[in-house]
Amino acid sequence: MKILVALDGSDCSRSVIDHCLSSVFDEDTQLKLISVVDYFEPLPALEGIKEIEIESARKLLAKEAGRLMERFPSLNVSYRVLDGYIKSKIMEEARDWRADLIMLGSHGRRGIEKLLLGSISLAILNHAAIPVRVVRKGASAEGSFEVMLCMDDSRYSREALERVLSYSWPSNCRFSLVSVIFPLPDAPNAPDSQRFQLEDRKRKHQEDAERILSQAESRIKDKFGEKTEVVKLVESGDARDRILAVARERKPTLIFMGSHGRGAFDRALMGSVSEAVVNLAETTVEIVR
């Protein structure tokens with residue numbers, strides 16, 4: 001797997017490296033660290049300032065690459081300083097290097113430290129053709145390690161499951177599988193035939209959600225061992241609210257979800273649920289396309 005890691009020297013950027021240092025990688029994983037200098041001032045007198053920025057970025061990448069190589073001596077770790085518009089350069093490098101994953105912080109040096117994403121992170125999430133992992137500042141993998149996978153019957157959800165299965169995880173990793181069903185209204189005054197149909201639909205939605213999670217559980221246990229701890233949660237309500245509520249309660253290390261749900265348009269921009277979760281969850285989130 002080829003992972004492109006975007007850094008800029010911010011606190012959120014340092015959290016990305018800390019996240020990498022606490023992760024588990026297969027030996028064939030390649031990590032490429034990049035930093036984009038977007039200093040476009042055309043005045044010759046300011047060229048020296050741009051060169052200082054480039055040298056500062058190079059030193060940052062060399063330092064962080066050294067930390068990663070010390071922690072993972074068998075991995076292929078490289079770095080590169082890029083010059084240009086940040087969003088465009090990250091996307092171009094991901095395409096040209098044929099990256100499998102883009103990893104970046106939730107905010108850059110100019111971002112406001114709040115839950116909502118910075119503009120660059122949101123732009124990459126909306127337009128990248130590959131999965132993007134947004135690392136939250138302060139998110140820690142110390143102690144217990146839990147992967148939370150949000151699922152429905154969409155192809156994006158299936159891709160998210162495949163992504164989880166493709167990674168290596170710590171030996172103490174546990175998994176929480178979450179599916180949210182939209183609550184159908186009660187109709188106590190409706191004719192019996194309509195009430196029976198409504199109850200059948202409710203039961204089918206519940207059974208479908210349980211089936212999806214059970215199938216995912218089987219595949220996880222087949223891949224990581226029968227003793228792997230898997231918790232299945234079928235929630236009822238608004239998908240955004242319930243996923244965020246479960247995340248607040250369980251405090252997972254990492255949340256995986258597809259870029260769109262079952263009812264979303266197949267387009268570049270994220271669906272509303274995935275955008276809300278990556279914006280508001282206080283943990284690291286990987287959006288899978």
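Which residue lies over the face of Tyr167, and at what distance from the ring centre? Hello everyone, let me start there. It is Arg133, placed 5.2 Å from the centre of the Tyr167 ring. Please keep in mind throughout that this is a predicted model.

A pair of aromatic rings is described by the distance of the centres and the angle of the planes. Searching the whole structure turns up seven aromatic pairs. Take Tyr167 and Trp169: their ring centres are 5.6 Å apart with the planes at 75 degrees, and since an angle over 60 degrees counts as edge-to-face, that is what we call this pair. Tyr167 and Trp169 are both buried.

Tyr167 has another partner, Phe256. Here the centres are 5.9 Å apart and the planes meet at 50 degrees, so this pair is tilted. It also links distant parts of the chain, since the two residues are 89 apart: Tyr167 belongs to the loop between helix H5 (155–166) and strand S7 (173–181), while Phe256 belongs to strand S9 (residues 254–258). Phe256 is buried, as is Tyr167. Widen the view and you find one aromatic cluster formed by Phe145, Tyr167, Trp169, Phe175, Phe224 and Phe256.

There is another charge over a ring to show you. The charged end of Arg155 sits over the ring of Tyr156, at 4.5 Å from the ring centre.

Now, the sheet. How many strands does the open sheet have, and in what order? There are ten, arranged S3-S2-S1-S4-S5-S10-S9-S6-S7-S8, and the pairing is mixed. At the edges stand strand S3 (76–83) and strand S8 (230–236); each has a single partner strand, so one side of each has no neighbour in the sheet. On average, neighbouring strands in this sheet are turned by 20 degrees against each other, ignoring direction.

Leu254 stands opposite Thr284, which is in S10.

Which residues of H7 are buried? They are Ile243, Leu244, Ala245, Val246 and Ala247. Their cover includes strand S6 (145–150), S7, S8, S9 and helix H8 (272–280).

Most residues other than glycine have a negative phi. Arg98, not a glycine, has a positive phi of about 60 degrees. Its place is the loop between helix H3 (86–97) and S4. At 67% relative accessibility, Arg98 counts as exposed. Lys251 also has a positive phi, near 50 degrees, again in a residue other than glycine. You will find Lys251 in the loop between H7 and S9. With a relative accessible area of 64%, Lys251 is exposed.

Conventions: Residues numbered from 1 in each chain as written. Predicted model: local features only at pLDDT ≥ 70, side-chain atom pairs only at ≥ 80, totals over all residues. Heavy atoms only, no water. Phe/Tyr/Trp six-rings, centres within 6.5 Å; stacked < 30°, edge-to-face > 60°. Buried < 20%, exposed > 50% of the residue type's maximum accessible area, 1.4 Å probe, protein only. Helix = DSSP H or I, 4+ residues; strand = E, 2+ residues; numbered from the N terminus. Lys NZ or Arg CZ within 6 Å of the ring centre and 35° of its normal. Pairing = 2+ DSSP bridges. Axes fitted to C-alpha atoms, helices over the stretch in contact; angles between N-to-C directions. Contact = heavy atoms within 4.5 Å.
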